[in-house]
Structure formats: C-alpha cells, structure tokens
Amino acid sequence: MSDATTALYPAPDSVSKGAFVSGMPAYEKLVAEAEADYAGYWARLAREFVEWKTPFTKTLDESQAPFFKWFEDGTLNVSHNCLDRQVAAGLGDKVAIIFETDDGKVSRHTYSDLLARTAKLANALRAQGVKKGDRVVIYMPMSIEGIVSMQACARIGATHSVVFGGFSAQSLRDRIQDAGAVLVLTADEQQRGGKQLPLKAIVDEALSLGGCESVKNVIVYKRTGGNIAWHEGRDLWLHDVTEKQPDTAEPEWVSAEHPLFLLYTSGSTGKPKGVQHSSGGYLLHAAVTTKWTFDLHPDDIFWCTADIGWVTGHTYIAYGPLALGGTQVVFEGIPTFPDAGRFWKMIQDHKVSIFYTAPTAIRSLIKAAEGNEAVHPKRYDLTSLRILGSVGEPINPAAWEWYHQHIGGGRCPIVDTFWQTETGGHVITPLPGATPLVPGSCTLPFPGIQAAVVDETGKDVPWGQGGILVIKKPWPSMIRTIYGDPERFKKSYYPEDFKGKYYLAGDGAIRDAKTGYFTITGRIDDVLNVSGHRMGTMEIESALVAHTDLVAEAAVVGRPDDTTGEAICAFVVLKRPRPTGDEAKAIAKELRDWVGKEIGPIAKPKDIRFGDNLPKTRSGKIMRRLLRSVAKGEAVTQDTSTLENPAILDQLGQAY
C-alpha cells in the first residue's frame, strides 16, 4: 500500500468480531434508523444509555432555533449516572481509575472510592454555600482530585468551568469574571516533567487583578507542599473541608437542559467564548461515542492522554468512561519525562488496550524514537493494544502510518476523530469494527450526525470539491449557547449566510469523490489550532500590543508545522527602528515571554518577524491572507494592487 493517502485498511476481524458496531452493514443500519426517525433514534439511545430520575416525554424542541433543547422535561444527575449507577450495578469494587503521577507512583481507585470522595467534596461545597446553578472554576492539575471536583459540582447542580493549568493569571481572571464564579478549586502547585509549577499563586494574581468579586472562597488541594501565600477567611485546604464530611450526598436532580459546564475556547474576536453544555444531551453523547468509537468493553483498559482542562479530558476522561463503568488510566505528567519512552512504558505496565492521544504527541515521539533507539516503541511490549485513537487536529498520513505500524503493530485500527469543544463529542470518526480506514481521513459521520460540505451560500458541493463543513441537524450534545452572549452564539455558529439553518463548524473539508470520506482541510476563520489547542489570532495580537513600551502594531497568522500541526507566526512593528541580528533575537524572546505571561506558554509565537509596517490596503485593512503566504515561505502570487506598501512583503519575508 504505497499510496498512504488512498490506502484502505479494512476493519480487522479480531476487532470486528466482537464489536458493538460490527461491519459496515451495522453502521449503515444505524445511519438509516437516524434518517428515518431522527428524534426517535436519539430518544432510543437516551433511554438506553442514561438513567433518568424523571423520564423525558419531549425529545427535541426546535421552537426557539437555533437554541435547541433535548429531553427537556426529563430529570437526571450526571454524577449519579457515572458513580452511583455503577456501584448499584455491582461495580463498586471495580477499578475506575489507575492514576500514575509524574514521578511514577501508581494508585488505583474503585467506583466506591470515587463515589465517597465525590460525596465528601459535594457536601463541603454545599457547606460553603455553593448551590445549584452557581459557577465554580476548577484550576487543577491532572489528578483524582480534579476529576472528583468536576463530579462533585455535577452532583450538586453547580456548573463547573475547568481552566487548563497552563493558562496565565490574566486568562484565568477573564474566565472567572465572565462566568461569575463563586468559588475556585485549585492546588498549591502542579508537578509536570519533574518540575513544580505554580497554580495557587496564579489564582492569587488573577483575583488581585479585579473583577472577580463574585469569588467567596478558594479551596486548595495540597499536591506538592510548596510554600504558598494564604488569605485567611477566603482560602481553605481541601483536606480540611472534606475530612469530617459524610461520604454520602444526595444528588441534585436537574433538567436535562441544566448547564453541566462552561468551557472557554478562543474566538476570532479576542474575547474567549464560554461554550455552555447541557447535562442530558452531553452525557448521552459522551457515553455513546465512548462505547462505539472506542468499542469499550468491560475488560478494556482505556487511556486518553488529554488534560481535563480541554474538552477531550471532559468527555473522554471525566464523564464518558465512567458513565460506562470502564477502567481508565489517568496520567499527571508529560510524554517525554523522564524520557520519550514514557507513554510506551505505561501502555506496557498497565496493559492498556485503547490508547487515545494527539498527532502532536505522536509526531514529537516519532522524532524522539528516530534519534534514540532506547526510547523506540519496539523496545516495549505493546501487544495489549487493540484500538488506537487520534484527536485535536487532522493526523498527517505519514504519522498515521508510523502510529499504525510501530504502536499498533499493524493490527490496531486508528480512530481519527473529528470534533470540537462545541460538539461535545465525536461527530466524524471511524468505528473500529466497521469502517475501512484511509490515513489522513476522519472517514464518515458518527451515526445520527448530519455532516455536509457546502459552499458560501449553504448549497451542497459535489464530492471531490472542497467547501465549508456544516452539520445540518441539531444533535443532543451540541453547544447550547455562548454563556451570557446569545447573539454571539447565533452569529458564530448559525450565520445568516446559511439562513441560520446549519451549524457552522469553522473548518473547511472535502469529501472523497468515490468513498464520500471526509478530510478536514483547516480553519476558515482566524482561529489557530496549535497542538490541538484553539487560540484566536486577535487574542495573541492583543497580548503583543499590550506591551506598550515596545509594540506599535502586530498581526498574527498560522503556518503549517511538522510537530504542532500549526505554528503561530507574529509580524510586529515596534516603536523603535526595526531590529536586526542579536537585538532582534533578544526582543523576540522578550515578546514570546510576554505572550506566555499574558495568555500562557502554548500561545508563544514560534516565529516573530519585525517590519517597518504591515501590508495594508489604502483603507488601512491588514492583508492577513498575504501574511499567511509570507509565513509559509511561499511566493506571494495574489493581487497586491490594493496594497499601500507592497514592498513591505519582501522585508517581512526575512525571519527576524
């Protein structure tokens, strides 16, 4: 199979034989069921996968489109579905989580243990006055405590908003303020790659910036025992507030439409968007996709390497596997510490059978393995694996082939999953026991998802022709709104260009002319995807120009990158003559560090290029499409006649 872009890999018999969705006829039967009776299909799954306190009688309410409602009159509790339900089914002594710390210590936590810890924290939150509908920000390391914090919020009907532990104080403050959080759950420090990194200190700084007066308490998990500042009357130790609480807590029964969480994702206008997800519809899709996409069986050991600060860590760590009574590995550290064989050693040690990670991690580990035989996956026993997964960005065919051959031994199907924070779970993905695979393609929509490729007017384009990815019908786990900004929700996801009918994914796509398989071609807006993390160009530009001593103007674009998928390239005009040589390098470093402090390390530009000015039209508009060509090192072939200063493109073509 020399042509990696068109090679078909059939579902192996070893997986297909016992799969929940076995063979393409089974997939096609589910698709046909959804097409014949869309609401009835999802209602059947909701009754099968979710335990309801009050059964729903209404499936889909489209009366206030695009603010769709699913199972609205049903009541449930998400934590009850993940924990109590498993204990009641006799799984109390089953290991729910195998937790491995950064330094390699391993602990095992049963469903009964998780339920007791969740109840204690739920009672502690109630004791601090947190009630149904309140927002709680979680700024925690990868830990049992982080997952318990999410479950405890769900248990009492509080809406959690998890913020990734790599975000800066300013970014954290913006999210606390927008959510109107009443409490923050954090840790003294986090441990990653053998280093202790501050968390509580960043919370203190965020709260000191103002605008967070809604926060009454900060509960702190003692992870490292490092020295931290303490605010009497506000700060509380997690172990102190939970120690004397009972280990049972009555769940708060909520409507299926009750907001389970807010998760902030970057937008093209600079201000992060608080994506709001429901309880019932979200839980349903988390459970169904975990079961079918990963073919998760009771004896599997599942490992998703994402952080709980991202949606992948919500759906495929904190909720999906637990809702199915699965056993999963949760990891605190990074894939390259103490060496780049860490992932492979953990798969070997824990007998992982389903492994779900990001193309960025795969590409970096390919480089490490090629340069160092000692960390090559062939040195480890990976025979426990039966299914591999990819998430966060499209996986290039060469990395797909390496992953398939060197990690999966040529026998493990790769589920290359396309989805977003806003979709709540997989929307286009292979099913491992059914779908023939093509490297680089996310293949076909998940049963019940009506994905399509259209032109700018919303008209379907022929297979083989690129266009805009949309989803034509609402689905249970879709974003409900942007918190506090319903108009922005409509404008962002249901634009007038499509008469408000279709969900706009924000990505371009093409369908194979013969198979109809989808391939994602990249973002169509000003949002960058760096290592699977979405950041708005405006957000990074705003951070650069906030360095008022140095920066006059900035424009940010993305360019392809072998490791991170997309790299951030910043074009900067200084308030001083354009620097060259060592001076340029020093200023570039200063600006990178500044952006890291303002937003977080993930947002640091890989390239910073200095110019006397930026390419602008005579009306003053920055021509970012030209800058994208410059960033890629391409010759600018587009029409530049409208530019006020076309010669600037040659200058900006020079690095530093």
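In this predicted model, Trp303 has Phe355 of strand E18 as its bridge partner. The pairing belongs to strand E16, residues 301-304, and E18. These two strands run in the parallel sense, with 3 bridges between them. E18 also pairs with strand E19, which covers residues 387-390. This second pairing is parallel too and spans 4 bridges. Within it, Ile354 has Ile387 of E19 as its bridge partner.

E18 is covered on both of its faces. Ile354 and Tyr356 lie on one side, and Phe355 and Thr357 lie on the other. All four of these residues are buried. In a regular strand, side chains alternate between the two faces of the sheet. The chain continues through helix H13, residues 359-371. Together, E18, H13 and E19 form a β-α-β unit, and the unit is right-handed.

A further sheet is antiparallel. It is open and has 4 strands, in the order E21-E22-E24-E25. Strand E21 (451-454) and strand E25 (518-523) stand at its edges. Each has a single partner strand, so one side of each is left without a neighbour in the sheet. From one strand to the next, the twist averages 45°. Strand E24, residues 503-511, is joined to E25 by 5 bridges, and the two run antiparallel. Asp507 stands opposite Arg523 of E25. In general, strands of a sheet pair through backbone hydrogen bonds, either parallel or antiparallel.

Helix packing was examined for H16 and H17. Two packed helices are described by the angle between their axes and the distance between the axes. Helix H16 spans residues 537-545, and helix H17 spans residues 581-598. They pack at an angle of about 115°. Their axes are 9 Å apart. The crossing of H16 past H17 is right-handed. From H16, the contact involves Ile540, Ala543 and Leu544. From H17, it involves Leu591, Trp594, Val595 and Glu598. By class, this contact has 6 nonpolar residues, 1 charged residue and no polar ones.

Backbone geometry was considered next. Most residues other than glycine have a negative phi, and most peptide bonds are trans. Two cis bonds are described here. One runs from Ala65 to Pro66, with omega near 5°. Pro66 sits in the loop between strand E1 (60-61) and strand E2 (69-70). Another cis bond joins Phe337 and Pro338, with omega about 0°. Pro338 is in the loop from strand E17 (327-331) to helix H12 (342-350).

Positive phi values were also examined. Lys351, a residue other than glycine, has a phi near 55°. Its place is the loop between H12 and E18, where E18 covers residues 354-357. Lys351 has a relative accessible area of 52%, and it therefore counts as exposed, the cut-off being over 50%. Ser531 likewise has a positive phi, near 55°. Ser531 lies in the loop between strand E26 (527-530) and strand E27 (533-536). Its relative accessible area is 17%, so Ser531 counts as buried, the cut-off being under 20%.

Key. Residues are numbered from 1 along each chain as its sequence is written. This is a predicted model: local features need pLDDT of at least 70, side-chain atom pairs count only at pLDDT 80 or more; totals for chains, interfaces and linings use all residues. Side-chain values use heavy atoms; hydrogens and water are left out. Axes are lines fitted to C-alpha atoms, for helices over the stretch in contact, and angles run from 0 to 180 degrees between N-to-C directions. A crossing is left-handed if the near helix is turned anticlockwise from the far one by less than a right angle, and right-handed if clockwise. Contact means heavy atoms within 4.5 Å. Ala, Val, Leu, Ile, Met, Phe, Trp, Tyr, Cys and Pro count as nonpolar, Asp, Glu, Lys and Arg as charged, and the others, Gly among them, as polar. Buried means under 20% relative accessible area, exposed over 50%, partly exposed in between (1.4 Å probe, protein chains only). Two strands pair if DSSP finds at least two bridges between them. A crossover is right-handed if, with the strands pointing away from the viewer, the path from the first strand over the helix to the second runs clockwise.
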